[in-house]
Amino acid sequence: MAIETLPEPSIAIAAPPRPRLGFLTSTPIIATATVCLVAIAVMSISAPWIAPHDPLQLLPAQRLKPASEQFLLGTDAYGRDVLSRVIYGGRISLLIGFGATLVSISIGLIIGLFSGFFRLLDAVLMRIMDGIMAIPAILLAIAVVSLSGASVATVLIAITIPEIPRVARLVRSVVLSAREEPYVEAAIAAGSALPKIMWRHLLPNTVAPLIVQGTNFCAGAILTEAILSFLGAGISPEIPTWGNIMAEGRAYFLIKPSLIFWPGLLLSIAILSVNLIGDAARDALDPRMKQREAK
Amino acid sequence: MTSPVLTIDNLVVSLGRNPDGLRIIDGVSLDVQERETLCLVGESGSGKSVTALTVMGLLQKNALMPIAGSITLVGEELLTASDRRLRQLRATRMAMIFQEPMTALNPVAPVGRQIDEVLRTHTDLDARARRKRILDMMEQVRLPQVERIFASYPHRLSGGQRQRIMIAMGLVLEPKLLIADEPTTALDVTTQKQILTLIRDLQRDHGTAVLFITHDMGVVAEIADRVAVMRNGRLVETGPLQSILRTPAMEYTRNLLSSVPSLVPRAPRVDTTEPVVLETTGLGKIYRERSFLGKAREVAAADDVTLTLRKGRTLGIVGESGSGKSTVARCIVRLIDPTSGGIRLVGREISNLSRGLLQPHRKRIQIVFQDPYRSLNPRVTIGESIAEGPINYGMPRADALAKARELLELVDLPPDAISRYPHQFSGGQRQRIAIARALALDPDVLVADEAVSALDVSVQAQVLELFAEIQNRLGIALLFITHDLRVAAQICDDVAVMQHGRIVEQGPAAQVLTHPQQVYTRTLLDAAPGRGWDFANFRPVAAAV
C-alpha cells in the first residue's frame, strides 16, 4: 500500500515555559517595581559607604531633632541618625526576606520531591507538615524566637519553618501529577535511576510554581520580620531593621511621625515591588494566563 | 427539490481582525438539505470544527473572525445576526453536540435540570409540561429508566448515556439543524454504533438536517448521505456518499481513503519456530480501593492473562476501553506490579524481580505510548531523550548521541533533529521519535500501547508501515495494544480479544477477525463502522471476495 506522503498538519504548540527575564520590563509598572527593588537592594548592600553616620552611635544631646543638614531625616529618641538607621535596616529586612525564601524553598523542595515519589515516606512527612501548618505562623515564630533567643539567625529560622510545609505541598502535588506523564514512565522503562528521573524529568516542572510562591513568600517574610520586631519578639532593638525602627518610633508618633514614615515607606515599596514582580513572573511562566489576557 | 436548511457560501474565517491574516477557513461553500446528513471529513487542522463553530456563532471573539461570505439558516443570515438573536436560534433552530459529553455537561447539576434549562429559557411551558416533554425526549433517545436518569448527575451515567442526554438536549426544541462534532470519537465501537443508529432514526422521525463532523471514514460510510472533504481550510470535494467512496475525483480524497486500514486481515505470514521472547502465564492485576469507612473494594483489571509472543512476530491485544489491555501492557513492561502470574522475558522470569534486580532486564522490553504530545519531555532535546536509555546502560555519551542520529534516520527523520525540542515536531513525527527512543536500547520486545490511535489516518498508515519495516529489519517482537480492529487486522499475526480483564478469544488474526468463535468478538466486529466497505480499493467488501 503505497501512500504518497501527505504533509502532516503542523500544530503550533507553545514553547515550554522557561524562566526568562524579559517580563521584568514588560509593562511600565513592572519596570518601575524592578527599578525600585534594585535601588533598595543597592542602597542596603552599600550601607557602610553611603550612610552618613554610625547607626548605633548614641548622641544624647541630639535627641528627637528635626531634619537638618547634619541629620537629613532628623534623629530618634536616643539621638541616632534616622537616615543611617533606615539605610542599615534594609540590610536585615532584605536578608531575612530573601534568605527565608531560599531556605524554605530548598528544604520544602527536597521534602516535596521525596514525599511525591515514595508513598510510605509521604504518609509520614505529610502528617508532620500538616502538624506544622496547624500552628499559626506568627505564634510559631514567636515561640521559636523566645525559646532560642533573638538573633538574625533565629528570626530567619522562625520565619522559615511555617513556610516549609506550603512549599513541600506545592512541590508534592506537581510531582504527583508529573510522574504520571508518559515521558516519566518512558524514562523508568529505559532504566533511568531515580535521581536522574527526579532531576531531569520532575524538577523542571516545579520551577514555575516555585518562582511564584517564592516571590509571594519573600514579601511575606519581610513583613513578618517587621511584625516580630514591632511586637518586640524580633531582633534586639539596637540593631536597626525597618520593623525595629517603627516599633520604637511608635511612642513618638505624634511628635515625630517621620520615625515611622520613612521605614514604612521603604517597606511598602519593597513589598509592593516583590509582589508585582511575582505576579508578572506568574503570568510570564503560565501560558494559560497569557491566553486569558489575549481574550 | 427541498430547500436547503443550511447554506454556507464562500465563507472565510481569518485569525484576528486583520483581513490579510492567516485564513483558517478559506472559501468554503456547503449546503445541507432537510432530512439529509452531510458528513464533513478531514484530518486534524483541516478546519471542520471551526466551520461548525462559525455556524453556531461560537467562535472565540476577536481571535477568529469570519471576514467574508455568508451563512444562511432557513433563509436567515447568521453572520450579521445579533448575539441575542443567535442565542435564540441556538436552541430553537440549530443545536450542536460535542465530542466529549462529560465536559459539555455541568457536573454539579442533574441532567434533567440541564435539559429543563433549555426549555425554561426558550418556551412558556409550565413545569409539568416541561418535565413531560423532557421525559418523552429521553425515551426517544432510548435511555432506560428515564425517571431515575432525569435526577442523575452526569458522572453517574456512562459515556454513551451522557451523549444521549446531549442529543436529547439538542433535539428537545426540534431544531432544523443538528451539528454533531465528532460525537462518537470518545465512545467504544459498540456504543458508537448505537449512537449512530439513534441519530439516523431521530433524523428520520423529525426531518432534521444533520451536519456530521468526523475524521473516521468508517463512520462516514455508515451515516452520510453526502460527503464534503476538507483540507487546510479549503473544500477539496463534495459529492454523494457512493460517488465519493467509489470514484473520488481528487487526489487527496483518494489518498485519504486508501490510508484507511482494511478490516480484512493481511495475508498471514508463515508460522515461525523462532524462540519465544515473551510469555505471560495467568497474569493478574487487582486494584484495591479503600473508601474512608467502608470495606475494601477489589477490581480485577486483568485476570488470568496468558500470552505467547515469538521473535519477529506481532501479537495484538484488542478490546474496548476498560477491558484491561493497557493494564496488561503496563504489567509486562513492569511500570506497575502484577498481583499474580508470571512474565517470562527472553527466558527469564521478571514478574517478581525488585526494582534493582529488574534494571538489567528493562532494556529488553520498551514501550511506545498513545499520546505523542505527552510522551516526550518538553524540556529535553530529542537527542538527549533518545540517548537517555543507552547512557543508563553505560554507553558513552558521544556514542549514544551518534546512535540517536542513526535511529532518527531509521524512522525517517533528519538526523539534525537531535538538537531540537519536541514542540517543533508534529504528532506523527513525535511518535516516530518515541519509536526511535524505544529502539535505542535494542529491545527484544516492543510494546505499542495504542501507539497510532491519536494520529490522523494518513499519518497512522505511515507509522504502521514504519513498525512493519522495523520488525522486518530488526526481527523485533511487537505487542500491539489497540481498540481499532482495522489497525489490528493490518499489523498483527495473532490477536487476543479482551473483555472485563479476561482474554475471551485468542488465535491467528485471520481466524479471529474473519471467523470469530465468541459472541463478544462477533459483536465487536459487527460494530466496527464501515465494515462493509473496502476503502482502499474503492468498493464494497463483498465484491472483493
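Analyst: A residue is buried if 20 or more other C-beta atoms lie within 10 Å of its own, exposed if 12 or fewer, and partly exposed in between, with C-beta atoms placed from the backbone. Take E450(B): with 19 other C-beta atoms within 10 Å, E450(B) is partly exposed. Before we go on, this is a predicted model, in which local features need pLDDT of at least 70 and side-chain atom pairs count only at pLDDT 80 or more, while totals for chains, interfaces and linings use all residues. Residues are numbered from 1 along each chain as its sequence is written, and chains are lettered from A and ligands numbered from 1 in the order in which they are written.

User: Where is E450(B) found, and what is its phi near?

Analyst: Helices (H or I, at least four residues) and strands (E, at least two) are DSSP runs, numbered from the N terminus. E450(B) sits in the loop between β17 and α17 of chain B. Most residues other than glycine have a negative phi. Here, though, phi of E450(B) is near 55°, a positive value in a residue other than glycine. D442(B) also has a positive phi, near 45°. D442(B) lies in the loop between α16 and β17 (445-449) of chain B, and counts as partly exposed because it has 14 C-beta neighbours inside 10 Å.

User: How many helices and strands are in chain A?

Analyst: Chain A has twelve helices and zero strands. Of its 295 residues, 39% count as buried. For contacts, the rule is that two residues touch if their C-beta atoms, placed from the backbone, lie within 7 Å. Among contacts in chain A between residues at least 6 apart in sequence, 68% join residues at least 24 apart.

User: How far does helix α3 of chain A reach, from its first C-alpha to its last?

Analyst: The expected span of a helix is 1.5 Å times one less than its number of residues. Helix α3 (residues 82-117) of chain A has 36 residues and spans 52 Å, close to the 52 Å expected. Of those 36 residues, 26 are buried, so α3(A) is largely enclosed by the rest of the structure.

User: At what angle do α3(A) and α7(A) pack?

Analyst: Axes are lines fitted to C-alpha atoms, for helices over the stretch in contact, and angles run from 0 to 180 degrees between N-to-C directions. Angles under 35 degrees count as roughly parallel, over 145 as roughly antiparallel, 65 to 115 as roughly perpendicular and the rest as oblique. α3(A) and helix α7 (residues 164-178) of chain A pack at about 40°, with axes 7 Å apart. That makes α3(A) oblique to α7(A). Residues making the contact include G108(A) and G112(A) of α3(A) and A168(A) and V171(A) of α7(A). Sort residues like this: Ala, Val, Leu, Ile, Met, Phe, Trp, Tyr, Cys and Pro count as nonpolar, Asp, Glu, Lys and Arg as charged, and the others, Gly among them, as polar. By class, the contact of α3(A) with α7(A) has 13 nonpolar, five polar and two charged residues.

User: And α16(B) with α17(B): how far apart are their axes?

Analyst: Their axes are 10 Å apart, and the angle is about 15°. That makes α16(B) roughly parallel to α17(B). Q431(B) and I435(B) are among the α16(B) residues in this contact, with V463(B) and L466(B) among those from α17(B). The classes here are six nonpolar, four polar and one charged.

User: How many residues does each chain give to the contact between chains A and B?

Analyst: Chain B gives 38 residues and chain A gives 25. Elements giving two or more residues to the chain B side include α16 (427-439) and α17 (457-474). That side divides into twelve nonpolar, 18 polar and eight charged residues.
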